[in-house]
Amino acid sequence: MLSFWLALGSNVVGITILVYFVYFRRHFRRDLVLAYVALSMGIFAVTMLLSGSEAGMGLGLGLFGILSIIRLRSDTLTQEEVAYYFISLAIGLVNGLHPDPAWLAPSATAALVLVMYVADHPSFAPRTERQTVTLEKAYAQKPDLVAALEDLLNAKVLRTVVVELDMVRDLTIVDVRFRTNKHSKPQQQPVELGGTYELAKASPASATEAKQESWSK
């Protein structure tokens, strides 16, 4: 009984820290918070029951594997969110099995949370990004493509993967990984000082009166 309460506490504390203090503070997706918590607690409960019944663990894990595949195919998830998805599953599974000695499951849970905290830390490559860019020109040569992307993104292009090159429609779709410039500043356009302008002033007597004035530099 002590191992059960220890495993339950380890699962609750571990998934709470992972979801509310690591994932949500970095990715801000509320719907997945519920999904991660429900997944971890559901895996914990079913694994706990199957471990003490005649049903095979392989059958239970196979069913959850099918459900996981359906869940991943039903919505668009980033690779970071997929990683949190499987770590949540692993936390529930480890604590549901609660192997001996009793400290093993809490230690494994703490290790999984720590790995995600470090691996997904914002200070790791903060200026490195990935985007799918559609260009209104067909770039058949890679140097020309890289030059156009660096000028467009104001960044150093690290790698490009051409998704589609359409010579008929003059179109290029490219998956680009780049590093933004550290001291990039927006270019200011020169201000035109010459021209004409119109000043309109409404009065109680006539609301249509306007004053036009021409000026030059």
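A: We begin with strands and their pairing. Helices (H or I, at least four residues) and strands (E, at least two) are DSSP runs, numbered from the N terminus. Two strands pair if DSSP finds at least two bridges between them. In this structure E2 and E3 form a hairpin with four residues between them, and Asp170 in the turn has a positive phi of about 55°.

Q: What kind of model is this, and how are its residues numbered?
A: This is a predicted model, with residues numbered from 1 along each chain as its sequence is written. Local features need pLDDT of at least 70 and side-chain atom pairs count only at pLDDT 80 or more, while totals for chains, interfaces and linings use all residues; side-chain values use heavy atoms, with hydrogens and water left out.

Q: How many helices and strands does the protein chain have?
A: The protein chain has six helices and five strands. Along the sequence, their pattern is α-α-α-α-α-β-α-β-β-β-β.

Q: In which sense do E2 and E3 pair, and over how many bridges?
A: Strand E2 (residues 155-166) pairs with E3 in the antiparallel sense, over 10 bridges. Glu164 stands opposite Ile173 in E3. E3 also has a partner in E1: eight bridges join these two strands, which run antiparallel. Here Leu135 is the residue opposite Thr172 in E3.

Q: Is strand E3 mostly covered or mostly uncovered?
A: The idea to learn is burial. Buried means under 20% relative accessible area, exposed over 50%, and partly exposed in between (1.4 Å probe, protein chains only). Strand E3 (residues 171-180) is mostly covered, with seven of its 10 residues buried. In the protein chain, buried residues make up 28% of the 217 residues.

Q: Why does Leu145 count as buried?
A: Leu145 counts as buried because its relative accessibility is 2%. Its place is in helix H6 (residues 142-153). To list what surrounds a residue we use contact, meaning heavy atoms within 4.5 Å. Not counting residues up to four places away in sequence, Leu145 touches Leu135, Tyr139, Thr160, Val162, Thr172 and Val174. One of these, Thr172, is 27 residues apart from Leu145 along the chain, and their C-alpha atoms are separated by 9.0 Å.

Q: What share of contacts in the protein chain join residues at least 24 apart?
A: The share is 59%, among contacts between residues at least 6 apart in sequence.

Q: Why is Ser40 called buried?
A: Ser40 is called buried because its relative accessible area is 0%. Ser40 is found in helix H2. Leaving aside neighbours within four places in sequence, Ser40 is in contact with Asn11, Ile15, Ser88, Ile91 and Gly92.

Q: How should I read a nonpolar core?
A: In soluble globular proteins, nonpolar side chains tend to be buried together. A nonpolar core is a set of buried Ala, Val, Leu, Ile, Met, Phe, Trp, Tyr and Cys residues joined through side-chain atoms within 4.5 Å. The largest one here has 20 residues, and those with the most contacts inside it are Leu18, Tyr23, Leu32, Tyr36 and Tyr84. H1, helix H2 (30-51), H4 and H5 each supply at least two residues of this core. Apart from it lies another core, of 12 residues, among them Val133, Leu149, Leu153 and Ala155.

Q: Which residues does Tyr36 touch, not counting those up to four places away in sequence?
A: Tyr36 touches Ile15, Val19, Tyr23, Glu81, Tyr84, Tyr85 and Ser88.

Q: How do I read empty space?
A: Rolling a probe the size of a water molecule over the atoms shows where empty space is left. On a 1 Å grid over the protein atoms alone, a cavity is a set of points where a 1.4 Å probe fits but cannot get out, and a pocket is an open set with protein on both sides within 12 Å along at least five of seven lines; lining residues have an atom within 4 Å of a point. Grid points are joined across faces, edges and corners, and a volume is the space filled by probe spheres set on the points. The largest pocket has a volume of about 610 Å³. Of its 19 lining residues, the closest to its centre are His27, Glu80, Asp120, Phe124 and Thr128. The largest share of the lining, four residues, comes from H4.
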